[in-house]
Amino acid sequence: NLDFGFPSLKLGVMFSNRRDIVLAVTGVKKLEQDDYVINAGLDYSLTKIMNVHLGINNKSFSSGISLHVLDMEFGYAFAFDNINMGYNNIISLSLVF
């Protein structure tokens, strides 16, 4: 039931306390399929430079951490993969403007 190119409808809501917690929930309806998918994510700022991320996407768990240093963001994420039923380790570097 995995489509790589599909028309869909999405509705999302984000809640934030404007300091250290962000919670986001999204509902997705793929028009060519009968089922719905609910995605959710939580971002928590441990310190001024470190965030922890937790999420669920189509019943698969993910987690991560990011560090904000100077004008860069270093990130690591661990996510289960729905395609081959394995897992992914993701490392990222972003420049913040």
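Let me begin with the term pairing: two strands count as paired if DSSP finds at least two bridges between them, and the strands themselves are DSSP runs of E with at least two residues, numbered from the N terminus. What we have here is a predicted model, in which local features need pLDDT of at least 70 and side-chain atom pairs count only at pLDDT 80 or more, while totals for chains, interfaces and linings use all residues. Residues are numbered from 1 along each chain as its sequence is written, and side-chain values use heavy atoms, with hydrogens and water left out.

With that settled, seven strands form an open sheet, antiparallel in its pairing, and their order is β1-β2-β3-β4-β5-β6-β7. Because β1 (8–16) and β7 (87–95) stand at the edges with a single partner strand each, one side of each has no neighbour in the sheet. From one strand to the next the twist averages 15°, where the axes are lines fitted to C-alpha atoms and angles run from 0 to 180 degrees between N-to-C directions.

The hairpin of β4 and β5 has two residues between the strands, and N58 in the turn has a positive phi of about 55°.

Notes
Helix = DSSP H or I, 4+ residues; strand = E, 2+ residues; numbered from the N terminus.
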